[in-house]
Amino acid sequence: MRIGIDLGGSHVAVGLVSEEGKLLVKKGADILQKYKEEGRVQKFIIDTILEKIDEIFEETGLNKEFISQIGIATPGIYQNGCILHAVNLGIEELAIESKIQVKYHIPVAGNNDVTCCSLAEQKYGSLQGVQDAVFLTIGTGIGGAYIYQGKLVMPKTNPGFEFGHMILEKDGRQCNCGSKGCFETYCSIKRLRQKVRNILGLEESVRGHEIVEYIIRELGKNNQEIQKVIEDYTDYLAIGLSNIMNLFEPEKISIGGSFVHYSSFLLPKTTTKIIEKGMLFNKRESIPIQLATLKNNAGIIGASML
Ligand SMILES: [Zn+2]
């Protein structure tokens, strides 16, 4: 048995995973914006991870000797047991590995969350048997991984493919990375949710799945403000995905993250725009984009595989 931890920009999840990559138990907690503003996000993350691991041991009756390893999927850069430069969490440096190791004496490993998700999708999910692929997670931010000839491509100097920071608009919206007009400032689900919350006057406590229901209901009522939000979002998503298609010519693009819950009213519109506006250099009848099949569990499963 293994334990996988998926640390996202707004949620931390901990799971027990079998040797065959099956998620057996999952626990989690939301990381609220106010924790970041009050400067206690680091303590909250560490405390929550340790608490959820303890809960898994208690509920399953498993002894820690049965756990071969603990893996962590983190945003930002993971280096020497530390999370570095996780802009969406407001973390510059957090030594996470030692905090877990010192309590359980189980080997701990970590890697970037998108890398973990793509490992899991490639072995157990939507990218099984695919040779050339791009994996994207669209949630609090946008991250990506590139698989070429069946292997995850790892750049030598800097850790990843920053698809989310591809610039789509000259002097556009300010991004957390310091630049302006980045893909994720238009197409993160966090931004979409925020716009919907503002229009409908919803509190921060209204959960993601409830916002999905609100959007579907308002679209059904022809709420023009919500329709405009969806049109703008899919305009930018079509540009971002077309750029990726034109650069990499992947056999498949798989999209994970909380986007999967919103995909019913975002994805068909986006692919239609890509085709109808002729945004691809190599014209296609259909766009090979699909949803990650492991959904929000890919991070936990991938982390457990490190
Ligand atoms: Zn950026």
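Biologist: What follows α2, and is its phi positive or negative?
Modeller: G61 follows α2, and its phi is positive, near 70 degrees. Keep in mind that this is a predicted model.

Biologist: And α2 itself? What should its 20 residues span?
Modeller: Helix α2 covers residues 41-60, and at 1.5 Å a residue it should span 28 Å. Its end C-alpha atoms are 28 Å apart, which agrees.

Biologist: Which residues of α2 are buried?
Modeller: V41, F44, I45, I46, T48, I49, L50, K52, I53, I56 and F57. As a rule, an α-helix has 3.6 residues a turn, so residues three or four places apart point the same way.

Biologist: Switching to the metal. What coordinates the zinc ion?
Modeller: H165 through ND1, plus C175, C177 and C182 through SG. The distances run from 2.0 to 2.4 Å.

Biologist: What is the geometry of the site?
Modeller: Tetrahedral, with angles of 105 to 121 degrees among the four donor atoms of the zinc ion. The ideal for four tetrahedral donors is 109.5 degrees.

Biologist: What spacing do the donors follow along the chain?
Modeller: H-x9-C-x1-C-x4-C.

Biologist: C175 and C182: buried or exposed?
Modeller: C175 counts as buried because its relative accessibility is 4%. C182 is at 0%, so C182 counts as buried too.

Biologist: Aromatics next. How many pairs does the structure hold?
Modeller: There are 10 aromatic pairs. One of them is Y35 with F44: the ring centres are 4.5 Å apart and the planes sit at 40 degrees, so this pair is tilted.

Biologist: Why do Y35 and F44 count as buried?
Modeller: The cut-off is under 20% relative accessible area. Y35 has 13% relative accessibility, so Y35 counts as buried. F44 has a relative accessible area of 18%, so F44 is buried as well.

Biologist: What about the rings of F163 and F248?
Modeller: Their centres are 5.6 Å apart and their planes are at 65 degrees, so that pair is edge-to-face. The pair links distant parts of the chain, 85 residues apart. F163 lies in the loop between β11 (151-152) and α5 (183-187), while F248 belongs to helix α8, residues 224-248. Both F163 and F248 are buried.

Biologist: Now sheets. What is the strand order in the open sheet of three?
Modeller: β5-β6-β7, with antiparallel pairing. β5 (77-79) and β7 (91-95) are the edge strands, each pairing on one side only. The twist averages 15 degrees from one strand to the next.

Biologist: How many bridges join β5 to β6?
Modeller: Three, with β6 covering residues 82-86. Y78 has I83 in β6 as its bridge partner.

Biologist: And the open sheet of five strands, what order does it have?
Modeller: The order is β11-β10-β9-β12-β13, and the pairing is mixed. β11 and β13 (289-291) are the edges, each pairing on one side only. Inside the sheet, β9 (residues 133-138) and β12 (residues 252-256) pair in the parallel sense over five bridges. T137 stands opposite G256 in β12.

Biologist: What else does β4 pair with?
Modeller: β8, residues 108-112, in the parallel sense with five bridges. A73 stands opposite N111 in β8.

Biologist: How covered are β4 and β1?
Modeller: Six of the six residues of β4 (residues 69-74) are buried. Q69, G71 and A73 point one way, I70, I72 and T74 the other way, and all are buried. In a regular strand the side chains alternate between the two faces of the sheet. β1 is mostly covered, with five of its six residues buried.

Key:
Residues are numbered from 1 along each chain as its sequence is written. This is a predicted model: local features need pLDDT of at least 70, side-chain atom pairs count only at pLDDT 80 or more; totals for chains, interfaces and linings use all residues. Side-chain values use heavy atoms; hydrogens and water are left out. Helices (H or I, at least four residues) and strands (E, at least two) are DSSP runs, numbered from the N terminus. The expected span of a helix is 1.5 Å times one less than its number of residues. Buried means under 20% relative accessible area, exposed over 50%, partly exposed in between (1.4 Å probe, protein chains only). Donors are N, O and S atoms within 2.8 Å of the metal (3.2 Å for Na, K and Ca); water is not among the atoms, so sites may look incomplete. Four donors count as tetrahedral if all angles lie between 85 and 135 degrees; four count as square planar and six as octahedral if opposite donors are over 155 degrees apart and all others between 65 and 115; anything else is irregular. Two strands pair if DSSP finds at least two bridges between them. Axes are lines fitted to C-alpha atoms, for helices over the stretch in contact, and angles run from 0 to 180 degrees between N-to-C directions. Rings of Phe, Tyr and Trp (its six-membered ring) pair if their centres lie within 6.5 Å; planes under 30 degrees apart count as stacked, over 60 as edge-to-face and the rest as tilted.
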